[in-house]
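Q: I am new to this structure and would like to be walked through it. Could we begin with the helices and then move on to other topics?

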Amino acid sequence: MENKILVADDSPTIQKVISITLANKDYILDSAHSEQELLEKVGTHDYQLVLLDYNLSETATGLDLTKQIKKDNPNIHIMAMLGTFDSVDDNELEDAGFSDKIVKP
């Protein structure tokens with residue numbers, strides 16, 4: 001089975017940093033630069049992990065996007081990528097279906 005990771009972030013810099021960081025690992029990386037692209041890709045591909053920019057969408061929160069993804073893909077792991085000054089409740093993240101969180105550089 002291929003280990004597929006979807007990096008959902010609208011920042012080309014973050015996309016590049018993650019790509020470089022995981023370049024020598026046995027993962028297939030894909031990218032989504034918008035909410036629409038994220039939802040299309042998780043609906044048509046089999047990812048083991050989504051690295052989700054918590055603030056990817058201007059209309060939905062990271063919590064909302066995660067709940068939506070998990071409804072159709074309950075086994076997918078989703079990691080919240082937070083900005084340095086994002087304030088989130090760990091219980092809300094867990095309840096929404098996030099597997100974990102990291103703070104972006």
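Predicted model: local features only at pLDDT ≥ 70, side-chain atom pairs only at ≥ 80, totals over all residues.

Q: Which residues of α3 are buried?

A: They are Gly62, Leu63, Leu65, Thr66 and Ile69. Viewed down the axis of α3, these buried residues fall within an arc of 160°, so they line one face of the helix.

Q: And what is exposed on the other side of α3?

A: Lys71 and Asp72 are exposed there.

Q: Let me pick out Gly62. Which residues does Gly62 touch, leaving aside neighbours within four places in sequence?

A: Gly62 is in contact with Leu52, Tyr54 and Phe98. Gly62 itself counts as buried, because its relative accessibility is 0%.

Q: Tyr54 and Phe98 are both aromatic names. How many aromatic pairs does a search of the whole structure find?

A: The search finds one aromatic pair. Tyr54 and Phe98 form this pair, with 6.3 Å from centre to centre and 40° between the planes, and the pair is tilted.

Q: Where do Tyr54 and Phe98 lie?

A: Tyr54 lies in the loop between β3 and α3 (62–72), and Phe98 in the loop between α4 (90–96) and β5 (100–103), so the pair ties together parts that are 44 residues apart in sequence.

Q: Are those two buried or exposed?

A: Tyr54 has 13% relative accessibility and therefore counts as buried. Phe98 has 7% relative accessibility and counts as buried too. The cut-off for buried is under 20%.

Q: Back to the helices. What about α1: which of its residues are buried?

A: Helix α1 covers residues 12–21, and Ile14, Gln15 and Ile18 are buried in it. Seen down the axis of α1, the buried residues fall within an arc of 105°, so they line one face of the helix.

Q: What covers the buried residues of α1?

A: The cover includes the strands β1 (4–8), β2 (28–32), β3 (49–53) and β4 (77–82). On the other side of α1, Pro12, Thr13, Lys16 and Ile20 are exposed.

Q: Take Ile18 as an example. Which residues does Ile18 contact, apart from neighbours within four places in sequence?

A: Ile18 is in contact with Val7, Leu29, Leu51 and Met81. At 12% relative accessibility, Ile18 counts as buried. As for a residue elsewhere in the chain, the C-alpha atoms of Ile18 and Pro74 are separated by 24 Å, and these two residues are 56 apart along the chain.

Q: Which residues of α2 are buried?

A: Helix α2 runs over residues 35–44, and its buried residues are Leu38, Lys41 and Val42. Looking down the axis of α2, one finds them within an arc of 95°, so they line one face of the helix. The face turned away from that buried side carries the exposed residues Gln36, Gly43 and Thr44.

Q: And what covers the buried residues of α2?

A: The cover includes β1, β2, β3 and α3.

Q: How far is Leu6 from Gly62?

A: They are 15 Å apart in space, C-alpha to C-alpha, and 56 residues apart in sequence.

Q: Which element gives the most to its lining?

A: Helix α1 gives the most, with four residues. Both α1 and β4 supply at least two residues each. The lining residues include Ile14, Ile18, Leu51, Met81 and Lys104.

Q: How do the lining residues divide into nonpolar, polar and charged?

A: There are nine nonpolar residues, one polar and one charged in the lining of the largest pocket.

Conventions. Residues numbered from 1 in each chain as written. Heavy atoms only, no water. Buried < 20%, exposed > 50% of the residue type's maximum accessible area, 1.4 Å probe, protein only. Arc of directions from axis to C-beta. Contact = heavy atoms within 4.5 Å. Phe/Tyr/Trp six-rings, centres within 6.5 Å; stacked < 30°, edge-to-face > 60°. 1 Å grid on protein atoms, 1.4 Å probe; cavity = no way out; pocket = protein on both sides within 12 Å on 5 of 7 lines; lining within 4 Å. Nonpolar A, V, L, I, M, F, W, Y, C, P; charged D, E, K, R; others polar.
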